[in-house]
Amino acid sequence: MADKTESRAVSIDINGKLKQFDIDDPVLPAWIEEHALGSGGYPHDDKLDKDKYAKQLEKLQVELVKVQFWLKATGKRMMALFEGRDAAGKGGTIFSINAYLNPRSARVVALNKPTETEAGQWYFQRYISHFPTSGEIVLFDRSWYNRAGVEPVMGFCTPEQYKDFMKAVPRFEDTISDEGIIFFKFWLDIGREMQLKRFHDRRHDPLKIWKLSPMDIAAFNKWDDYTGKRDAMLERTHNKETPWAVVRANDKRRARLNVIRHILLSLDYEGKDKDAIGEIDDKIFGFGPKFLR
């Protein structure tokens with residue numbers, strides 16, 4: 001835990017104006033609190049009611065259990081990867097999907113930084129080793145797309161490695177599709193003020209402070225760099241066979257429900273209840289780079 005006597009105040013450019021933000025100050029600045037939900041062009045004025053969310057989520061989780069039985073019966077394989085800026089809600093979304101699935105055939109993969117051995121391997125090799133077997137679901141909390149965002153922005157890979165990755169990844173994912181693996185890619189998008197609010201929440205919640213990393217602090221003034229890499233990634237790697245589903249995720253509840261709905265509506269599983277699934281909110285859910293323009 002950081003020493004509260006040591007200020008980490010930074011000046012952050014918000015729409016051309018410098019704003020002061022000290023993550024160690026327990027009082028969240030008003031300019032963040034007032035604009036967090038609507039930041040990044042978020043279309044809803046309020047968060048989804050907690051009780052409504054819980055009722056809808058339960059219905060969707062029942063459908064996910066049906067999907068797991070269907071996968072086991074048919075031998076199909078399914079995996080999904082979840083990407084987004086830090087604090088976009090990837091882990092919580094994955095938890096909402098995985099909460100009631102049988103852990104014997106549903107796994108979450110959240111890899112640490114590569115070991116020395118892994119760093120010497122073909123870049124995709126350590127991810128492939130976690131791919132699903134027959135009847136299994138695998139959910140990646142971050143993935144090979146580290147090389148499209150975090151690594152080049154923070155200087156953890158060379159320009160040549162980044163260029164090679166962007167060239168190779170469409171071919172790599174074509175192979176996944178050709179192999180018959182059911183494959184989803186989700187980008188969770190949040191506004192800048194919402195990200196700062198969530199960082200601040202983590203800093204001052206003893207149950208969440210482990211989520212706040214030095215990388216988060218170092219990225220405070222790299223928002224535009226990450227945006228550029230996000231846009232390049234979506235342009236290069238969004239296609240018909242392996243599309244990017246993009247979710248505006250300032251409201252975590254709506255984001256989670258729509259991610260699960262998309263998965264369920266994409267599958268032709270036994271006992272599917274379309275009324276229970278409901279409809280996608282196309283204000284916050286779309287596909288590819290055009291959705292963020």
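The model is predicted, so local features need pLDDT of at least 70 and side-chain atom pairs count only at pLDDT 80 or more, whereas totals for chains, interfaces and linings use all residues. Residues are numbered from 1 along each chain as its sequence is written, and side-chain values use heavy atoms, with hydrogens and water left out.

**Cavities**

- There are 3 cavities of 30 Å³ or more, a cavity being a set of points on a 1 Å grid over the protein atoms alone where a 1.4 Å probe fits but cannot get out.
- The largest cavity holds about 220 Å³ of space, where a volume is the space filled by probe spheres set on the grid points, which are joined across faces, edges and corners.
- Its lining (residues with an atom within 4 Å of a point) has 18 residues, and those closest to the centre are Gly-84, Arg-85, Val-150, Trp-187 and Tyr-226.
- Strand S3 (78-84) and helix H10 (223-237) are the elements that give two or more residues to this lining, and H10 has the largest share, with 5 residues.

**Nonpolar cores**

- The largest nonpolar core has 36 residues, of which Ile-97, Phe-186 and Leu-267 touch the most other members; such a core is a set of buried Ala, Val, Leu, Ile, Met, Phe, Trp, Tyr and Cys residues joined through side-chain atoms within 4.5 Å, and buried means under 20% relative accessible area (1.4 Å probe, protein chains only).
- Helix H2 gives the most to this core, with 7 residues.
- A second, separate core of 28 residues includes Met-79, Phe-131, Met-166 and Met-233.

Key. 1 Å grid on protein atoms, 1.4 Å probe; cavity = no way out; pocket = protein on both sides within 12 Å on 5 of 7 lines; lining within 4 Å. Helix = DSSP H or I, 4+ residues; strand = E, 2+ residues; numbered from the N terminus. Buried < 20%, exposed > 50% of the residue type's maximum accessible area, 1.4 Å probe, protein only.
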